[in-house]
Amino acid sequence: MRSERLRSALTLLATATTLALGTVAPATAAAERPAPAATQAAAAHNLGGITELIAQRLLLADKVAAAKYGTDTPIDDPAREAQILDDVRARAAGLGLDPDAVAAVFRDQIEANKLVQRGLYARWDAHPDERPTERPDLAKEVRPALDRITTQLLAALAQTEKARALPSCGPRLVTAAGRSAYDHRLDALHLKGLGRALPSVCAAS
């Protein structure tokens, strides 16, 4: 299946980018550092803009994990996830997009975010000295940032609808993802999350 081939390509991308970057410090949330200068102008017009927004969203998993770690709040939040998917379905219809296809993209974002959270929990359990020293506010700090990226990503999906339906979408997505991974110096865990976040982007996958 095309989606399986794309997932394999993204896995290879993660390995190759890890080797290219060498040993780097764990990625930090995008809100703590500015995005590359060229990405804001490009974000709504090409696949690089989409992968940039996805990388930003993925990096916010660090803050989500830091907010939840050591509390009774679980990583899985079915009610919140259903609310997000219902919202993007409705907004997709308003943009003339296929609600099911858009929901699939955002379901991948949710699963990628949880993948990173679980990886961070395991890292912090094994290395207590790396545990976060501050607990971000989910309601006031993290979720507004996630909601902002949701709006931007919906717009980017609408503006790239034709490009994402082309057979060349898969290879171009892999290239764009590699660039975003390099720009953000993603570590192995976040690269794995990036690979999990992207398979539904291409409409033909």
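Visitor: Which residues have the most contacts inside the largest nonpolar core?

Guide: Ile 50, Ile 54, Phe 106 and Leu 194, in a core of 52 residues. A nonpolar core is a set of buried Ala, Val, Leu, Ile, Met, Phe, Trp, Tyr and Cys residues joined through side-chain atoms within 4.5 Å. Helix α6 gives the largest share of this core, 11 residues. This is a predicted model, where local features need pLDDT of at least 70, side-chain atom pairs count only at pLDDT 80 or more, and totals for chains, interfaces and linings use all residues. Residues are numbered from 1 along each chain as its sequence is written, and side-chain values use heavy atoms, with hydrogens and water left out.

Visitor: What pLDDT does the protein chain average?

Guide: The average is 85, and 77% of the residues score at least 70; pLDDT is the predictor's confidence in each residue, from 0 to 100. Over residues 17-35 the pLDDT is below 50. Where pLDDT is low, the predicted coordinates should not be read in detail.

Visitor: What makes the link of Cys 169 to Cys 202 a disulfide?

Guide: A disulfide is a pair of cysteine sulfur atoms within 2.5 Å. Here S to S is 2.0 Å, so the pair meets the definition.

Visitor: Why is Cys 202 called buried?

Guide: Buried means under 20% relative accessible area, exposed over 50%, partly exposed in between (1.4 Å probe, protein chains only). Cys 202 has 4%, so Cys 202 is buried. Cys 169, with 0%, is buried too.

Visitor: Which parts does the pair tie together?

Guide: Cys 169 lies in helix α9 and Cys 202 in the segment after α10, so the parts tied together are 33 residues apart in sequence.

Note on methods:
Contact = heavy atoms within 4.5 Å. Helix = DSSP H or I, 4+ residues; strand = E, 2+ residues; numbered from the N terminus.
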